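I opened the notebook to record what I looked up in this structure, entry by entry. The sequence and the coordinates come first, and my notes follow.

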Amino acid sequence: MVEELAQADDAIAACAEAPAWPLPEHDLIAALDAAHRLQQRLAAVTLTLIREVDGRGIARTQGASCTAVWLRERLRLTIPAARRLIDLATALNTGNPGIRQALADGAISQDQARVITDTVDTVNRSADAETADKAVGVLVDWASQFDPTHLRKLGTRILDHVAPDIADAAARAALDAEARRATRDRHLTLSEQTDGRLRLTGTLDTETAALFRAAIDPLTAPSGPDDTRSPGQRRHDALADICRLTLRTTELPEHGGDPAQIVITTNYDALTRQLSSGTLDTGLSLTPEAVRRLACDASILPAVLSGTGQVLDVGRQRRLITGPLRRALVLRDRGCAFPGCDRPPRWCHAHHIHHWADGGPTSLTNAVLLCGHHHRHLHHSDWTVHLGRDGHPEFTPPAWLDPEQLPRRNHYHRRT
């Protein structure tokens with residue numbers, strides 16, 4: 001097998017070096033189909049090898065705790081991906097041989113093979129081997145027309161086609177099996193990067209996915225005509241808004257219930273000149289703009305130092321707009337005050353119009369409600385805000401946007 005794989009590797013290497021642009025349309029499509037079919041057939045070989053490695057216990061003989069860990073190091077896979085390969089390899093080895101043959105023939109993809117294996121496993125618990133063989137044939141045929149997601153949905157009613165007399169009972173069994181798989185495969189991985197960012201990967205079970213979508217979807221719509229964020233950036237900011245709202249509740253366990261306690265060390269004199277960066281208690285740094293923005297409405301514990309390094313202030317949070325003052329602010333602004341934004345008060349920060357680091361007071365006349373997006377926007381753009389004669393916020397656009405710089409208001413929250 002090693003020799004044959006080496007020959008295949010040489011052939012594929014030659015294909016990779018060959019340009020695709022001279023191919024006529026028919027040959028280009030045929031080449032794509034052939035490459036995809038080879039990929040599927042090679043997946044069958046890979047799974048056979050993984051099954052043999054796992055069966056021999058090679059991982060432990062080479063010092064790994066399990067085959068999944070060994071595959072992670074050998075093939076640079078994630079542990080969940082490695083486990084899925086091991087599970088599929090085992091299922092193809094012990095299950096209906098027609099599934100592995102379909103994968104080896106290039107008739108189905110690896111993901112489709114996983115769906116068919118799961119579906120036939122459910123059929124086996126409800127019917128006999130002959131019915132399972134019929135189910136494999138139907139599912140493989142459907143795989144030529146439907147992607148894995150659609151195929152799984154169709155598979156939940158496979159017995160309607162191959163054994164209608166037991167279909168209802170089997171549908172319940174399939175639903176239970178799907179719930180067990182979702183519970184088994186659920187995970188969330190937090191990968192900390194060197195620059196302080198966090199990479200999130202994972203799989204949510206059906207119930208949690210529904211909860212997550214219900215919470216995040218209303219916050220991912222553009223917040224106004226000025227919102228140029230990508231969909232991915234809007235989802236990111238929506239998750240941040242959900243976290244902030246959750247931290248404001250009193251229902252979290254110990255160490256929760258208040259906005260995040262972030263210790264930022266910064267130099268007071270430089271901060272007032274808008275020049276000072278900040279250092280988190282994790283050792284990572286923030287830009288001066290981020291420090292000043294967080295100081296508006298985050299429950300950070302400032303460790304403000306003098307020029308000689310003497311601690312001037314640690315843990316005083318009186319700059320925060322909370323309690324009755326925030327309630328008064330909510331009654332006045334009724335939501336994000338930026339023109340055209342419809343975000344409600346619970347998603348908003350309290351922004352100091354005249355920054356606290358510049359001597360601005362914490363008062364109703366020096367505050368305005370802003371959603372997370374427009375809070376960042378105001379800190380990083382030429383927009384300015386002040387209170388009009390009637391005490392309501394007015395925003396002055398930059399000259400490039402409006403040469404006359406006429407003040408604008410948010411009319412969304414007002415009934416007039």
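In which segment does Pro-407 lie? I found Pro-407 in the segment after β11, where helices (H or I, at least four residues) and strands (E, at least two) are DSSP runs numbered from the N terminus.

Ground rules. I am working with a predicted model, in which local features need pLDDT of at least 70 and side-chain atom pairs count only at pLDDT 80 or more, while totals for chains, interfaces and linings use all residues. Residues are numbered from 1 along each chain as its sequence is written, and side-chain values use heavy atoms, with hydrogens and water left out.

Entry on Pro-407. I looked up its cover and noted a relative accessible area of 43%, which makes Pro-407 partly exposed; buried means under 20% relative accessible area, exposed over 50%, and partly exposed in between (1.4 Å probe, protein chains only). Leaving aside residues up to four places away in sequence, I found that Pro-407 touches Glu-394, Phe-395 and Thr-396, a contact being heavy atoms within 4.5 Å. The C-alpha atoms of Pro-407 and Thr-396 are separated by 4.5 Å, although the two residues are 11 apart along the chain.

With a relative accessible area of 35%, Gln-405 is partly exposed. Arg-409 in this segment forms a salt bridge with Asp-390 (2.7 Å, N to O), the term meaning a side-chain nitrogen of Lys or Arg within 4 Å of a carboxyl oxygen of Asp or Glu. The pair links distant parts of the chain, since Asp-390 sits in the loop between β10 (384-387) and β11 while Arg-409 is in the segment after β11, 19 residues apart. Asp-390 counts as partly exposed at 45% relative accessibility, and Arg-409 counts as partly exposed at 25%.

Entry on the other salt bridges. I ran through the whole structure and the search gave 14 salt bridges. One of them joins the side chains of Asp-118 and Arg-181 (3.6 Å, N to O), and this pair links distant parts of the chain, with Asp-118 in helix α7 and Arg-181 in helix α11 (residues 167-185), 63 residues apart. Both Asp-118 and Arg-181 are buried, and together with Arg-152 they are linked in a network of salt bridges. I then looked up Arg-229 and Asp-237, whose side chains meet in a salt bridge (2.9 Å, N to O); Arg-229 counts as buried at 12% relative accessibility, and Asp-237 counts as buried at 10%.

Entry on helix packing. Helix α7 (residues 110-126) and helix α9 (residues 148-155) pack at an angle of about 10°, with their axes 9 Å apart, where axes are lines fitted to C-alpha atoms, for helices over the stretch in contact, and angles run from 0 to 180 degrees between N-to-C directions. That makes α7 roughly parallel to α9; angles under 35 degrees count as roughly parallel, over 145 as roughly antiparallel, 65 to 115 as roughly perpendicular and the rest as oblique. Among the residues that meet here, I listed Asp-118 in α7 and Arg-152 in α9. The axes of helix α12 (residues 206-216) and helix α13 (residues 231-247) come within 10 Å and cross at roughly 95°, and α12 and α13 are therefore roughly perpendicular to each other. In that pairing, Phe-212, Ala-215 and Ile-216 of α12 meet Arg-235, Ala-238, Leu-239 and Ile-242 of α13.

Entry on two further residues. Beyond residues up to four places away in sequence, His-374 touches Ser-223, Asp-226, Cys-336, Phe-338 and Cys-341. Arg-334, in the loop between α16 (323-333) and β8 (348-352), has a positive phi of about 65° although it is not a glycine.

Entry on the whole chain. I noted 17 helices and 11 strands, and buried residues make up 35% of the 416 residues.
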